[in-house]
Amino acid sequence: RDRLRALEVELARCAGNRAMTQDLGLPRLFILELDLVEGQLRAEQAYVAELVAAIDDGTLDGLAMWRSWYEGDPAAAVTFALPDASEEVRSRR
């Protein structure tokens, strides 16, 4: 939610910059980078909003496991072991 608010602030700043360039009568060529930044911010905003919604409604896969780690239920925690890659590394030499 904090990130969504920060993105709203950044998008408002972009809107202000766009209005200023329009007031100055500058052609779009001079704000192409602003177009890119706005597009990236809007994409991130959509992604973060979707993520927040998935967390809120409990549909984010793995959320229950993650919460168990931070809510102090060690019996529910799952340990992940990475495969030993040392043999593969030695065979590449």
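Trainee: Which residue just after H2 takes a positive phi?

Mentor: This is a predicted model, in which local features need pLDDT of at least 70, side-chain atom pairs count only at pLDDT 80 or more, and totals for chains, interfaces and linings use all residues. Residues are numbered from 1 along each chain as its sequence is written, and side-chain values use heavy atoms, with hydrogens and water left out. Helices are DSSP runs of H or I with at least four residues, numbered from the N terminus. Just after H2, a positive phi of about 80° is taken by glycine 58.

Trainee: Which helix do the buried residues of H2 pack against?

Mentor: Buried means under 20% relative accessible area, exposed over 50%, and partly exposed in between, with a 1.4 Å probe and protein chains only. In H2, the buried residues include Asp35, Glu38 and Ala54. Contact means heavy atoms within 4.5 Å, and the helix that the buried residues of H2 pack against is H1.

Trainee: Leaving aside neighbours within four places in sequence, which residues is leucine 34 in contact with?

Mentor: Leu34 is one of the buried residues of H2. Once its neighbours within four places in sequence are left aside, leucine 34 is in contact with Cys14, Asn17 and Arg18.

Trainee: Is leucine 29 buried or exposed, and what is its relative accessible area?

Mentor: Leucine 29 has its place in the loop between H1 and H2. Leucine 29 counts as exposed because its relative accessible area is 62%.

Conventions: Helix = DSSP H or I, 4+ residues; strand = E, 2+ residues; numbered from the N terminus.
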